[in-house]
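User: I would like to learn how to read a protein model. Could you take me through one, feature by feature?

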Amino acid sequence: MTNLFPPAPPLGTPMLAARSSAEARKTIALRRSSSKRCLTEPGPDKTALDELLTVAARVPDHRRLAPWRFIVFEGNARDAFNARAVEIQKSENPNATEVMLADTASFFTRAPVVIAVVSSPNPTHKTPVWEQELSAGALCQNLLLAANASGWAGCWLSEWIAFSPGINQLLGLTVDERVAGYIYLGTATDNPQERLRPDVSSKIERWTA
Ligand SMILES: Cc1cc2nc3c(=O)[nH]c(=O)nc-3n(C[C@H](O)[C@H](O)[C@H](O)COP(=O)(O)O)c2cc1C
C-alpha cells in the first residue's frame, strides 16, 4: 500500500460517526472533473490504484452485497481494447463515421488508467436491483474523490461503450451486469474552469403534511 489512506481498522473497531475536516470539505466543494482531453501520464500505479479502489469501495451497500466489481485497463491492454472497440462499433453501428471510429480508436489511451466500474447486482436478492446499482454509482463518485484527494485528475464517462452489447460481451459481463462508469485517471495537462452550476435552491422543497 502507498499509505496515502489509513488502512481499514479491524472488524468491530469503534469508529467516528463524523469526522470534521476542512480539507475534505474543500475537496468536495471544489471538485471538478478533468476533460477527457486533459489527462496524461503518470497515472496511479498498481499499488496506488489498489489502494484507491479499496477506499472507494467503502460505500453504502444495503445488506452488504458488494454488488460491483472492477475491470482495470492499463498499458498495452488499452490499445488492444481500442482496436476491438472499433471493430465492435463498425458491426453495431453501420452509421459510424470515420471521425467516430477514429475517436473510439483512442478511447482508452486518453488516460494512463481506465477503470470500468461494473454494477453487478444480484437480481434475486431481496435488496432491490435499483439500490444495488446506486451503490455502484456511489462507488464511482467515491473513486473520483479519493483520486482527487491523492492528486490524480479524473473523469467519469460512459459514451457508447457503456451501452454496447458487443463491449459487454468483450468484457465478460453477465446479462445482469452493466458498466456504471468508465473512470479515467491520470495527471491533468490543464486545469478545468468552474462550470455553470444549477440553482440548487430551486430543487429543494420542504415537505409539509
Ligand atoms: C453516469 C455518468 C456518465 C457520464 N458520461 C459522460 C460522457 O459519456 N461524456 C461526457 O462528456 N460526460 C459524461 N459525464 C459527465 C462528466 O463526468 C462530468 O460530470 C461533467 O463533465 C461535469 O463536470 P463536473 O463533474 O466537474 O461537474 C457523465 C457523468 C455521469 C454521472
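**Reading the core**

Analyst: The largest nonpolar core has 37 residues, and V114, V117, C140, L143, I183 and Y184 have the most contacts inside it. Such a core is a set of buried Ala, Val, Leu, Ile, Met, Phe, Trp, Tyr and Cys residues joined through C-beta atoms within 7 Å. Buried means that 20 or more other C-beta atoms, placed from the backbone, lie within 10 Å of the residue's own. The model is predicted: local features need pLDDT of at least 70, side-chain atom pairs count only at pLDDT 80 or more, and totals for chains, interfaces and linings use all residues. Residues are numbered from 1 along each chain as its sequence is written.

User: Which element supplies the largest share of this core?

Analyst: In soluble globular proteins, nonpolar side chains tend to be buried together. Here α5 gives the largest share, 7 residues. Helices (H or I, at least four residues) and strands (E, at least two) are DSSP runs, numbered from the N terminus.

User: What is Y184 in contact with, beyond its neighbours within four places in sequence?

Analyst: Contact means C-beta atoms, placed from the backbone, within 7 Å. By that rule Y184 meets K36, L39, R110, A111, V114, G154, C155 and L157.

User: Which residues surround the ligand?

Analyst: A residue counts as near a molecule if its C-beta atom, placed from the backbone, lies within 6 Å of it. Around the ligand are R32, S33, C155, W156, L157, S158, E159, G181 and R195. Strand β4 (residues 153-157) contributes the largest share of this shell, 3 residues.

Technical notes: A residue is buried if 20 or more other C-beta atoms lie within 10 Å of its own, exposed if 12 or fewer, and partly exposed in between; C-beta atoms are placed from the backbone. Two residues are in contact if their C-beta atoms, placed from the backbone, lie within 7 Å.
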